[in-house]
Amino acid sequence: MDETEFWELVDAARGAAEGDAEEQADLLIDRLLQMDPDMVLDFARHFEARYNRAYTWDLWGAAWVLLDGAGDDTFDFFRCWLIGQGREVYEGAVHAPDSLSDLLDDFDEEIDGDGEELGYAADEAYEQLTGVNVPDLGIPPAPSEPEGTPVDFENERVLSERYPKLWERFRG
């Protein structure tokens, strides 16, 4: 599975789920169950690599503004949700987190931003297909700390200056 196929699967499931992350995860599992286990592992590698790549202070700060706070688990689930939004939103957010203000048409902090189940879709499909847990994916491990310069999440002035568009749209 190449990167284009990965994003096509993500996009197809998101479209069919109409923005519901849990439904998107269920649909992804259904689609992955139609593939051979090696393809499911390829999907898992693509997902995990993007999940790890999104582990940055800048993106965590953007999630903090969007969600009005984001601890460790919340940021983990946010990164899964972000992948579930598709290539354009994901790449835009990774390169310029404040651009999420322009990339997200609608965002409701009560229902959006949590894609925990998406993070388990490949594991679930692989286990159903093979009866065993996903093996080591053979990709570099996640960094122990987010990449980049730490953000003072408790300082509203810092957040509003670092994420002016997000701040104005979601907290202003």
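R50 is buried, with a relative accessible area of 10% (buried means under 20% relative accessible area, exposed over 50% and partly exposed in between, with a 1.4 Å probe and protein chains only). The model is predicted, with local features needing pLDDT of at least 70 and side-chain atom pairs counting only at pLDDT 80 or more, while totals for chains, interfaces and linings use all residues. Residues are numbered from 1 along each chain as its sequence is written, and side-chain values use heavy atoms, leaving out hydrogens and water.

R50 forms a salt bridge with E3, and their closest N and O atoms lie 3.0 Å apart (a salt bridge is a side-chain nitrogen of Lys or Arg within 4 Å of a carboxyl oxygen of Asp or Glu). This pair links distant parts of the chain, with R50 in helix α3 and E3 in helix α1 (residues 3-17), 47 residues apart. Helices here are DSSP runs of H or I with at least four residues, numbered from the N terminus. E3 is partly exposed, at 27% relative accessibility. E3, R50 and R87 are linked in a network of salt bridges.

The structure holds 10 salt bridges. Among them is the pair of D76 and R79, whose closest N and O atoms are 2.6 Å apart. D76 and R79 are separated by about one helical turn because they sit three residues apart in helix α5 (residues 72-84). R79 is buried, at 3% relative accessible area.

K165 also forms a salt bridge, with D102, at 2.7 Å between the closest N and O atoms. Here helix α10 (residues 164-171) holds K165 and helix α7 (residues 100-103) holds D102, 63 residues apart.

Technical notes
Helix = DSSP H or I, 4+ residues; strand = E, 2+ residues; numbered from the N terminus.
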